[in-house]
Every structure is written in structure tokens, then in C-alpha cells.
Amino acid sequence: MLFPGGRLPLRIFEQRYMDMAKACLRDGAPFGVCLIREGAEVGAPATPSEVGTLARIGTWDMPQLGLLEVVARGEQRFRIRARRVQPDGLALASIEVLPDEPDSTIPPSGARLVKLLERVIEQHPELLEPPHQLDSCAWVSGRLAELLPLPLPAKQALLELCDGRDRLEKLAALVRTD
């Protein structure tokens with residue numbers, strides 16, 4: 001899953017996604033990332049969740065012919081209004097970009113989650129590129145929601161929340177750090 005401010009490494013090999021990535025790189029355009037509700041990542045088009053995150057390709061490499069490796073950056077959340085599938089199987093959608101969520105500093109009740117994220121950064125610095133915004137409810141809650149091994153429906157519910165502080169409180173209820 002991808003939240004605003006996050007990064008998503010992808011290995012692209014299906015032609016429909018290669019064409020999409022090429023167009024995104026050429027036009028400087030984002031693409032949408034949604035959790036799959038029904039179906040599979042590969043093959044026939046899947047049914048996506050209604051809320052997702054716009055992603056923009058930050059870096060890319062083609063280590064071998066037919067394989068594109070990209071790192072996408074999460075931008076704004078969106079809601080799908082209508083979608084259609086092209087003959088090649090690529091899903092296109094009309095979307096509504098959701099407003100940026102309000103952000104706030106970490107409340108005392110969130111301090112243990114910040115410590116958890118600090119441990120993750122310490123042990124796996126490659127997972128999160130600086131700057132680390134450890135005083136931001138939106139950033140901390142987004143990174144934890146991406147990284148923690150939570151059930152996908154729980155991650156989707158966290159993405160759909162419109163406030164970083166609310167997301168942090170929900171995470172606090174889901175995560176034991178003792």
C-alpha cells in the first residue's frame with residue numbers, strides 16, 4: 001500500500017504497465033495505486049478499492065530488457081468516480097482528488113509509535129529516505145501503516161481516514177509495542 005509521502009518500489013514487466021510507465025515518464029504524470037479488492041495483480045484486470053494514492057515515478061532503471069524497476073512517490077489520496085478497462089487490460093479512472101489531510105504534532109499518546117518508527121529507521125535505514133518527519137502525525141502514521149504487517153483491509157481503512165492524528169490513534173489501538 002502507498003500513502004501520501006511514502007515510496008513504493010515496483011518491478012514492472014507486463015506490457016500494459018510498461019506502456020503506462022512510459023507515458024507517465026514522458027508526460028511527468030502520476031498514476032493511481034489502489035488496493036485490489038477482487039482479482040490478482042497479474043493477468044486479468046482486478047477490481048480496485050475506491051480510495052487510493054496518486055504516485056509519481058521518482059527513479060527508474062531497466063536492468064534487463066522487459067523489466068522496468070521504478071520507485072514511485074506517494075502524493076495525494078483520491079477517490080475513483082468511474083473506471084473503464086482498455087482493450088490491453090489497463091484500468092483507467094476518473095477520480096476526485098481528496099483534500100490534503102490536516103496535520104498536527106505527535107500527541108503524548110503517540111510517543112511509543114514514534115519510538116517504534118525510530119527503531120525501524122535505525123535497523124532498516126533503506127526503507128525510509130530522509131527527511132524523517134518524526135513530529136508529524138500524518139507522516140508517522142502513513143509510514144507505520146505502510147510498513148507494519150497489518151491486514152490489507154486495516155491498511156485500506158487507515159488510508160481512507162482524513163486526518164493523520166486519527167490514523168495515529170487507530171494505529172495505537174492496533175499495535176502493541178511492549
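Helix 5 (residues 164-174) has Gly164, Arg167, Leu168, Leu171 and Ala172 as its buried residues. Buried means under 20% relative accessible area, exposed over 50%, and partly exposed in between (1.4 Å probe, protein chains only). Seen down the axis of helix 5, the buried residues fall within an arc of 140 degrees, so they line one face of the helix. The arc is that of the directions from the helix axis to the C-beta atoms. Their cover includes helix 2 (111-123), helix 3 (137-147) and helix 4 (152-160). At the start of helix 5, a side-chain oxygen of Asp163 reaches to within 2.8 Å of the backbone nitrogen of Arg165.

This is a predicted model: local features need pLDDT of at least 70, side-chain atom pairs count only at pLDDT 80 or more, and totals for chains, interfaces and linings use all residues. Residues are numbered from 1 along each chain as its sequence is written, and side-chain values use heavy atoms, with hydrogens and water left out. Helices (H or I, at least four residues) and strands (E, at least two) are DSSP runs, numbered from the N terminus.

**Salt bridges**

A salt bridge is a side-chain nitrogen of Lys or Arg within 4 Å of a carboxyl oxygen of Asp or Glu. By this rule the count comes to nine. Three of them are tabulated below.

| Pair | N to O distance |
|---|---|
| Arg7 and Glu129 | 3.4 Å |
| Arg73 and Glu129 | 2.7 Å |
| Arg81 and Glu96 | 2.1 Å |

Glu129 lies in the loop between helix 2 and helix 3 and Arg73 in strand 6 (residues 67-85), so this pair ties together parts 56 residues apart in sequence. Arg81 is in strand 6 and Glu96 in strand 7 (residues 91-97), so that bridge spans 15 residues in sequence. Salt bridges with shared partners join Arg7, Arg73 and Glu129 into one network. Arg7 is partly exposed at 24% relative accessibility. Glu129 is partly exposed at 38%, and Arg73 is partly exposed at 29%. Arg81 is exposed at 54%, whereas Glu96 is partly exposed at 32%.

Ser49 sits in the loop between strand 4 (47-48) and strand 5. Ser49 is buried, with a relative accessible area of 5%. Not counting residues up to four places away in sequence, Ser49 touches Cys34, Leu35, Arg37, Ile80 and Gln156. Contact means heavy atoms within 4.5 Å.

Met62 belongs to strand 5 (residues 51-64). Met62 counts as partly exposed, at 39% relative accessibility.

How values were computed
A polar contact is a pair of N or O atoms within 3.5 Å; within protein, one must be able to donate a hydrogen and the other to accept it, and residues adjacent in sequence count only if both atoms are side-chain atoms.
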